[in-house]
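Work through the exercises below with the structure open. Try each task before you read its solution.

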Amino acid sequence: MTDMINAGIVGASGYTGGELMRLLLNHPYVNIETATSRRLSGEAVSDTHKHLRGLVDIEFEDLSPEDIRGRCDVVFVAVPHGTAMNIVPELIDDNTKVIDLSADYRLKTSVFEQVYNMEHANPKDAVFGLVELHPEVKDESFVANPGCYPTGAILSAAPLAAAKLLKMAIFDSKSGITGAGINPTMASHYPNMAENVQAYKLTTHRHREEILQELNRLDNGFTDVNFTPHIVPSIRGILTTAHLFTKEKMSLEDVRELYHEFYKGKPFVRVVDDIPSLSAVRGSNFCDIGFEVDANTGRVVVVSAIDNLVKGASGQAIQNMNLMCGFDETTGLRIAATSP
């Protein structure tokens, strides 16, 4: 019999907090002990996350890190960038495992400060929690959960990078509106978004640095990473089209063999023979990857599909928790997509 563990969610009023609770309800070894929100303290969680009515009967609380540590075995930090750095160091101790869903610890401190244009208050090393590339997560007490865009992009190119075959990578990613967070913005305002596609930060999006960092770890010296994001009128999902230029021409059979071998034993990456779609992964922790090879140029076109709130955030955080706490990686996460 596996012992139950108590989980806490810091900053639980947003989309990722609600998604963490939805998914943790399926976990046989986790009790949702606390969900914090200063603004909503004392209010029922299900009044904000109405999809959890009748399933979660706790109230939001405003707790100190010390109180959270005393009640929780694992803590998910789901607060804005620049805020987590003031919370995370106070949560970590010998008995508490922490998964940070913000960007504060994904990058080297010097890179973070340059990209996010702020001084890091509490620098600390953390493993980048993309389990498919970092199995050492299982030995850690603190993990930095990857960003949503980088998850799909990195997984689409990792096999070629690991084989030292990448010459240049161009990532064109399209995200559902929930990627902008729960607070309304002009970009997420219905009249601006409906029947529209918006490209933004064409060459300067902060997530490029995560993609570059991880591909460079696989192929030291690789730097030619190009990334452009778009918002599409969909609630969930990120579809990434990766144009991968290789050092030598490859056949479709070569690419297929490389990807199947690289992701063998990785339960949440599905290498498919058709073109992935968002409806096939929506609500699930799967990343679907498909590809074609341009016979004229040798360009490898890889398409990856993830749910930005699950594999791109909360599901991936639970995947990390499973390894960190000694559970099977898939525990509580083998959930089919909500297609159509």
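Predicted model: local features only at pLDDT ≥ 70, side-chain atom pairs only at ≥ 80, totals over all residues.

Residues are numbered from 1 along each chain as its sequence is written, and side-chain values use heavy atoms, with hydrogens and water left out.

**Exercise 1. Locate Cys148 and describe its surroundings.**

Step 1. Start with the record. UniProt, in an unreviewed entry, places the feature "active site" at Cys148. Such positions are given in the numbering used here, feature names are shortened, and annotations may be inferred rather than shown by experiment.

Step 2. Find the element. Cys148 lies in helix H6, residues 148-162. Helices (H or I, at least four residues) and strands (E, at least two) are DSSP runs, numbered from the N terminus.

Step 3. Cys148 has a relative accessible area of 14%, so it is buried. Buried means under 20%, exposed over 50%, partly exposed in between (1.4 Å probe, protein chains only).

Step 4. List the contacts (heavy atoms within 4.5 Å). Leaving aside neighbours within four places in sequence, Cys148 touches His207, Ile238, Ile306, Asn308 and Gly312.

**Exercise 2. Describe how H6 packs against H9.**

Step 1. Take the geometry. H6 and helix H9 (residues 252-262) pack at about 105 degrees, with axes 10 Å apart. Axes are lines fitted to C-alpha atoms, for helices over the stretch in contact; angles run from 0 to 180 degrees between N-to-C directions.

Step 2. Classify the angle. H6 is therefore roughly perpendicular to H9. The classes are roughly parallel under 35 degrees, roughly antiparallel over 145, roughly perpendicular at 65 to 115, and oblique for the rest.

Step 3. Name the residues. H6 contributes Leu155, Ser156, Ala157, Ala158, Pro159, Leu160 and Ala162; H9 contributes Leu258, Tyr259 and Phe262.

**Exercise 3. Which parts of the chain does the pair of Tyr259 and Phe291 tie together?**

Step 1. Apply the ring rule. Rings of Phe, Tyr and Trp (its six-membered ring) pair if their centres lie within 6.5 Å; planes under 30 degrees apart count as stacked, over 60 as edge-to-face and the rest as tilted. The count comes to 8 aromatic pairs.

Step 2. Read the pair. Tyr259 and Phe291 are tilted, at 5.1 Å centre to centre and 50 degrees between the planes.

Step 3. Tyr259 sits in H9 and Phe291 in strand E13 (residues 287-293), so the pair ties together parts 32 residues apart in sequence. Both residues are buried.

Step 4. Widen the view. Tyr259, Phe262, Tyr263 and Phe291 form one aromatic cluster.
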